[in-house]
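Thanks for coming. I will take one model today and go through how its parts touch each other.

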Amino acid sequence: MRWRVPGLPSLPGPPPGPTRRSFWRSPIRSPWLTSVFGLMLLATIPVMFVTGLLSYAAYDPDLSPVNDTTPGKGLLGFYLFSWPTHPVWLYRLNQGVHVTLGLMLVPILLFKLWSVLPKLFEWPPLRSPAHLLERASLFLLVGGAGFEFVTGILNIQTWYKFPGSFYPLHFYGAWVFTAGFVVHVGLKLPTMITALRSRSMIRELRTGLARTRPEPLDAGYLVSPAPAAPTISRRGVLAFAGAGSLLVGLLSVGQSIGGPLRRTALLAPHGQDVSGGPGDFQVNKTAAEVGITASETGATWRLTVGNGGQAAQNPVVLSRADLLRMEQHTASLPIACVEGWSTDNQAWTGVRLRDLARMAGAILPASVLVQSLQNGGAFGQTVLSAGQIMDPDSLLALRVNGADLTPDHGYPARVIVPAIPGVHNTKWVASLTFQA
Amino acid sequence: MRRLLRWYGANPLHLLTLLGSFALAGYAALQWLPVGLFGIAVWFVAAVIGHDLLLMPLYTLADRSAAAVFRRIPPKLPPVQWINYLRVPVVLSGLLLLIWFPLIFRLPTGFQAATTLSLDPYLWHWLAVTGALFLLSAAALALRLRTGRRGPPEGPASGPEMVGPPPDATPGPSDLHS
């Protein structure tokens, strides 16, 4: 079924260069090797997709436009569920997996791309309209994968060189990539299964370089018709990719595990310990960076607790001393960032959010708007859900690990809620407005 | 209808799946309109050609050059397949650089202000890891040569006093060429 324009001769043979199959000389490149890498990605990319969507849900975007980083989402940002508060390490685990696994997939993806390279130059470049569409969908697949990996990897290093805000880029990019991924899996799954069955994995793992032989030409397009002598076995290539993946993972996972293992994350943004004291744990926003001054947070600081519901009353205004006189609770909770790093549980002490709600006359609050002293900037305000307000561990924290909050951890008062993305634990709180 | 499908080149399900995929991707891309599609399209194209037309020719060239250079200069190469002892540390170190170059080259200017952490250690960490990889690889090669010397002779090419490239090393790094 050649695609021909009537009246024109069919395409001549491939010109010299990469369009000729004999240009590609690897003796081990074959559908089997590609399928092994493909299987690894097939098992892990869905984990990336699910943890990504869960992280999206963790921001509770439908609770309020304030929380919605992708307001133009249309049908793509469907509301999954109200994000739970337990287990408290839920978001830590989700983001640790999303970011660490993403980093570990970089070498697998690169080896997969290497393994299918001759297909980019296949001749004739277009055989039929079906072939044209398939190749166009590969643009979504490869471009989308590259886009997602690059935006994610640059974002965790706080190098914001991408064209726009991270959230809409990474979120819609995930959908574009997924569109290409699903079609690719659908079209190639039978090929993958056939190829995987064509060679025994166990036998391959026992075959060293000396006994490595090229595959027969009829094994598929990727097999070279003019193979060079092998310099690495198939198991060698798999071990090579695996070693790369393991190395990247081992040098970064410590930033998500924390404790003494943090120092093992030699190449990860939050692999360094913060220097001593009760506030010696990670931050990604400092008081100085967002322009919080000592005069704003000193003796004149007041917290305004309002009730925007139907039973609206005059807001309650509290000083830090007033808050310290209220019933204090201590909760052991982590900080977990969308960037994948997190801290061990810290002992936060302060007033329960539900006690503040009752004080404001909100008996069954549906939500609360938390506003920071921060002038503008990202995440200067947040809306928390009813479940988050009513959790006994959700606090307006005044102290951490037995000492007053440090300026960088949100002095004079900050929100700390279990299992929530770090940026929603608003620091330098100025007001709480409960909604019935 | 049948003629149309023959012209298309695949079954109707193929067409429907692909059209569905393009519809989803197009719908997602439309949400980028406020950001500007052009900049994003440039990133997609860069992502596609980044490996296939940039990285791949570069690592292939490096691989072949290494093989050519080391074959010609003394001291004579050991009679084992040595190229992988060079490839592995170079590629792993390059992989770490590819992922972490913004930190390593201290590019994120706001990093310290945001995190209180210093950007200074990353270059040294990367160099230390790179050094460790090369040392490990050299140790593995040394071990391989020792066991090769003690082990049963594999033919005239296995002796340590052997000079000149062994026959099996001549084709060079053909796997990664490609």
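Before I name any domains, a word on the term: the domain bounds I use come from an automatic or database domain assignment. Also keep in mind that this is a predicted model.

On that assignment, chain A has domain 1, residues 21-250, and domain 2, residues 294-435. Their C-alpha centres are 40 Å apart. The contact between them draws on 25 residues of domain 1 of chain A and 24 residues of domain 2 of chain A.

Which elements of domain 1 of chain A give two or more residues to the side that touches domain 2 of chain A? They are helix 1 (31-58), helix 2 (90-115) and helix 4 (129-156) of chain A. Helix 2 of chain A has the largest share, at eight residues. By class, that side of domain 1 of chain A splits into 12 nonpolar, 11 polar and two charged residues.

One residue of helix 2 of chain A is worth a stop, and that is Gln95(A). Is Gln95(A) buried or exposed? Gln95(A) counts as buried because there are 26 C-beta neighbours inside 10 Å, and the cut-off for buried is 20 or more. Leaving out residues up to four places away in sequence, Gln95(A) touches Ser55(A), Ala336(A), Cys337(A), Val338(A) and Gly340(A). For scale, Ser275(A) is 180 residues from Gln95(A) in sequence, and the two C-alpha atoms are 25 Å apart in space.

Next, the nonpolar core. The largest one has 121 residues, and the members that touch the most others are Val176(A), Leu396(A), Ala397(A) and Val429(A). Take Val429(A) as a case: setting aside neighbours within four places in sequence, its contacts are Leu303(A), Val370(A), Ser372(A), Leu396(A), Ala413(A), Arg414(A) and Val415(A).

Some overall figures for chain A. It has 12 helices and 10 strands. Its C-alpha atoms fill a box of roughly 85 × 50 × 35 Å along the principal axes. Of its 436 residues, 47% count as buried. Among contacts in chain A with a separation of 6 or more, 72% join residues 24 or more positions apart.

Now chain B. The contact between the chains takes 77 residues from chain A and 60 residues from chain B. On the chain B side, the elements giving two or more residues are helix 1 (2-8), helix 2 (12-30), helix 3 (37-72), helix 4 (83-104), helix 5 (111-115) and helix 6 (121-150) of chain B. Helix 3 of chain B gives the most, 11 residues. That side of chain B has 39 nonpolar, 18 polar and three charged residues.

Last, one helix pair across the two chains. Helix 7 of chain A, residues 234-250, packs on helix 4 of chain B at an angle of about 35 degrees, with the axes 10 Å apart. The crossing is right-handed. Helix 7 of chain A makes the contact through Gly236(A), Phe240(A), Ala243(A), Gly244(A), Leu247(A) and Val248(A). Helix 4 of chain B answers with Asn84(B), Val88(B), Leu92(B), Leu95(B), Leu96(B) and Ile99(B). By class, this contact has nine nonpolar, three polar and no charged residues.

That is what I have.

Technical notes: Residues are numbered from 1 along each chain as its sequence is written. Chains are lettered from A and ligands numbered from 1 in the order in which they are written. This is a predicted model: local features need pLDDT of at least 70, side-chain atom pairs count only at pLDDT 80 or more; totals for chains, interfaces and linings use all residues. Two residues are in contact if their C-beta atoms, placed from the backbone, lie within 7 Å. Helices (H or I, at least four residues) and strands (E, at least two) are DSSP runs, numbered from the N terminus. Ala, Val, Leu, Ile, Met, Phe, Trp, Tyr, Cys and Pro count as nonpolar, Asp, Glu, Lys and Arg as charged, and the others, Gly among them, as polar. Axes are lines fitted to C-alpha atoms, for helices over the stretch in contact, and angles run from 0 to 180 degrees between N-to-C directions. A crossing is left-handed if the near helix is turned anticlockwise from the far one by less than a right angle, and right-handed if clockwise. A nonpolar core is a set of buried Ala, Val, Leu, Ile, Met, Phe, Trp, Tyr and Cys residues joined through C-beta atoms within 7 Å. A residue is buried if 20 or more other C-beta atoms lie within 10 Å of its own, exposed if 12 or fewer, and partly exposed in between; C-beta atoms are placed from the backbone.
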